[in-house]
Amino acid sequence: MKKLLIDANPSVPYLVSGHVNGIGRTNFELIRALDDIRTAIPFEIELYTQNIRGVKATGLGTAFKSRHVYLRNNSRGNKLAAALRLRELTARYDLMHITHNFEYVAKPEKCIVTIHDAMMFSCPEPFLGHDFAREFFPPFARRAKAIITCSENSRREISRYMDVDPEKIFVAPWGVDHKMLYPHRVGPCRYTGGAPFFVSVSCDRGRKNTVATVKAFINFNRHNPTHHLVLVWRNPSDEVLRLIEENPDAKSRIHFASNISNNELADLYAGATCSFFPSRYEGFGLPIAESMACGTPVVTCRNSSLEEVGGDVAFYVDPDDIDAMSAIMDKFEEGSLSKDDLQEANHRQSMLFTWERCASLTLDVYKKCLEL
């Protein structure tokens, strides 16, 4: 029986602390979704982890076999693993799935690689290591047997910027955990004292453009509203903190949430009147689908992949149009827009994105590459 090796290293932070970035989340959600359909998989799947702490993929609770190498999971360790052919010799796989854009491997032609976006070319941010990505991702992508990505926009950009044959790039959109994220009533928000609120999740610097949401709320706050703003943001930028300090009237209504559990995140989505995600660029736009899964409307932008996720249900603004964002806040405050009226349409849109569908589309790529 043929064997597929899946690199489960992006899931390790989840196994250690319960918190992961977007790539880590997509890694463990895909693995768990594949486990759910394992009886339909005509080949063996083995999970691979590499770290000196001994944190193994068995912690994901799947029925897949797990292989672990006690070696640092960093550039030096991965170069050594490739030079010694550790994965090839220990796992003896027919195909390996690298789920995190790039890896040092002995035989890229025996790999499928998930490249989540081409941001390093179309929307580069130096602090994310994009100089490295522009140099090393394209040659790896061209040598790989196939590429999986999460949106049609990413597929087009990977083909264009990395000079990859579009015929070997396959789209498997990310999903939403609909058992955790669904429309439900929640108690009073602990951040706002029970007052209604808007929410912004995945608040990072740069392209995430959360500062625009803060500026819009400060403008909106001049009308003495009842709504607050909750930002799920662990390390807010100095720019945002300074902006809030300069507007003391709004300061008491702006709250930061960090290190929250998945259930707390679901309650923030479900309890919010509206979610704001005015990003300048995304490979997918997971907070849009997650918010909609809870029945909460979303304000976002018509760029990159965002319209693929928001469909004709989201509210679209220019990422620099602060007045437009404030106007939408005003409409929800005064009642001319109602979350209750929009809940069903938003939830229906979110159902286009499931991890079951992502796993099924990914399985199709596996079978094609394994010639099954």
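This talk goes through some aromatic pairs and salt bridges in the structure above.

First, the ground rules. This is a predicted model, where local features need pLDDT of at least 70, side-chain atom pairs count only at pLDDT 80 or more, and totals for chains, interfaces and linings use all residues. Residues are numbered from 1 along each chain as its sequence is written, and side-chain values use heavy atoms, with hydrogens and water left out.

Let me start with the rings. The structure holds 16 aromatic pairs. A pair here means rings of Phe, Tyr or Trp (for Trp, its six-membered ring) with centres within 6.5 Å; planes under 30 degrees apart are called stacked, over 60 edge-to-face, and the rest tilted. One of the pairs is F198 with F220, which is edge-to-face, at 5.7 Å centre to centre and 65 degrees between the planes. F198 sits in strand β8 (residues 197-200) and F220 in helix α8 (residues 210-221), so this pair ties together parts that are 22 residues apart in sequence. On those names, helices (H or I, at least four residues) and strands (E, at least two) are DSSP runs, numbered from the N terminus.

Buried means under 20% relative accessible area, exposed means over 50%, and partly exposed is in between, with a 1.4 Å probe and protein chains only.

F220 has a second pairing, with F217: the ring centres are 5.6 Å apart and the planes are at 55 degrees, so that pair is tilted. F217 and F220 are 3 residues apart in helix α8, which is about one helical turn. F217 is buried as well, at 0% relative accessible area. Elsewhere, F102, Y104, F132, F136, F137 and F140 form one aromatic cluster.

Next, the charged side chains. How many salt bridges does the structure hold? There are 15. The criterion is a side-chain nitrogen of Lys or Arg within 4 Å of a carboxyl oxygen of Asp or Glu.

Take K3 and E46, whose closest N and O atoms are 3.5 Å apart in a salt bridge. This links distant parts of the chain, as K3 is in strand β1 (residues 3-7) and E46 in strand β2 (residues 44-50), 43 residues apart. Both K3 and E46 are buried.

E282 and K208 form another salt bridge, at 3.0 Å from N to O. E282 lies in the loop between β11 (274-276) and α12 (286-293), and K208 in the loop between β8 and α8, so the pair ties together parts 74 residues apart in sequence. E282 and K208 are both buried.

E344 and R348 also meet in a salt bridge, at 3.3 Å from N to O. These two lie in helix α15 (residues 339-350), 4 residues apart, about one turn of the helix. Both E344 and R348 are exposed. Shared partners also matter for the count of links: K3, E46 and R67 are joined into one network by salt bridges.

Last, a single residue. R156 is in helix α7 (residues 152-162) and counts as exposed, at 52% relative accessibility. From C-alpha to C-alpha, R156 and A118 are 9.1 Å apart in space, while 38 residues separate them in sequence.
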